[in-house]
Amino acid sequence: MHVVETALRDVLVLEPKVFEDSRGFFFESFNQCVFQAQTGLTPRFVQNNHSRSKKDVLRGLHYQIAQPQAKLVRVATGAVFDVAVDLRKSSPTFGKWTGTTLSAENKRMVWIPEGFGHGFLVLSEFADFLYQATDYYAPDHERCVMWNDPEIGIQWPLTGAPVLAPRDRTAPRLRDAETFS
């Protein structure tokens, strides 16, 4: 696995070693020993999630204020533009973002640590998005930050208006959101 650092110190892009031939391909999407050796991290995943979304669906920016989740995310089918935003007030990169394209073709993954908001925009006709989480989904603690908050300034590769869930449409700006210390 090759680890690529991003503009946000704790968010990592992971490129697995892919074995491909005329029959198809194989890669380890997660190996605890390799992950720890390459990143120094030892996550304990307790929940795996799989979502399917249509083109132009934008999900996010989501996080859990209590029971925060670190996530290892990837795309099994299609392509998305994946974004992480630092929501830790004590961080020098508070309110900053990083984004990368994840696709079935490039097989990249992103490590999103606790304290970050997460979102993605579907670029293909549909995308199957997979993520492993280090804590359980806790709806009472789920929060959102406005996906297009001008103070964050995410450069989403939109070709028109995104398709949003009601909670994403009405999410507060970062300045009004509950964040991490």
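The model is predicted, so local features require pLDDT of at least 70, side-chain atom pairs count only at pLDDT 80 or more, and totals for chains, interfaces and linings use all residues. Residues are numbered from 1 along each chain as its sequence is written, and side-chain values use heavy atoms, with hydrogens and water left out.

## The six-stranded sheet

Helices (H or I, at least four residues) and strands (E, at least two) are DSSP runs, numbered from the N terminus. Two strands pair if DSSP finds at least two bridges between them. An open sheet is built from six strands in the order β1-β2-β10-β7-β12-β5, with antiparallel pairing. Its edge strands, β1 (2-5) and β5 (47-54), each pair on one side only. From one strand to the next, the twist averages 25 degrees. Angles run from 0 to 180 degrees between N-to-C directions, and the axes are lines fitted to C-alpha atoms, for helices over the stretch in contact.

Helix α1 (residues 32-39) packs on this sheet and touches β1, β2 (12-15), β7 (71-77) and β10 (109-112). Contact here means heavy atoms within 4.5 Å. The direction of α1 makes about 130 degrees with that of β2.

Strand β12 (residues 126-133) pairs with β5 in the antiparallel sense over eight bridges. Within this pairing, F129 in β12 is the bridge partner of S51, and A127 in β12 stands opposite S53. Strand β12 also runs antiparallel to β7, to which six bridges join it; here V73 stands opposite Y131 in β12. Six of the eight residues of β12 are buried, where buried means under 20% relative accessible area (1.4 Å probe, protein chains only).

## The five-stranded sheet

A further open sheet has five strands in the order β9-β8-β11-β6-β13, and its pairing is antiparallel. The edge strands β9 (97-103) and β13 (142-144) each pair on one side only. Strands β6 and β13 are joined in the antiparallel sense by three bridges, and E142 in β13 is the bridge partner of Q64.

## The two pockets

Rolling a probe the size of a water molecule over the atoms shows where empty space is left. On a 1 Å grid over the protein atoms alone, a pocket is an open set of points where a 1.4 Å probe fits, with protein on both sides within 12 Å along at least five of seven lines; lining residues have an atom within 4 Å of a point. Grid points are joined across faces, edges and corners, and a volume is the space filled by probe spheres set on the points.

| Pocket | Volume | Lining | Nearest the centre |
|---|---|---|---|
| Largest | about 290 Å³ | 17 residues | H62, K71, Y131, E142 and R167 |

Strands β5, β6 (58-64) and β11 (116-122) each supply at least two residues of the lining of the largest pocket. The largest share of that lining, five residues, comes from β6. The lining of the largest pocket divides into four nonpolar, nine polar and four charged residues, whereas that of the second largest pocket has ten nonpolar, two polar and two charged. Ala, Val, Leu, Ile, Met, Phe, Trp, Tyr, Cys and Pro count as nonpolar, Asp, Glu, Lys and Arg as charged, and the others, Gly among them, as polar.

Note on methods
Buried < 20%, exposed > 50% of the residue type's maximum accessible area, 1.4 Å probe, protein only.
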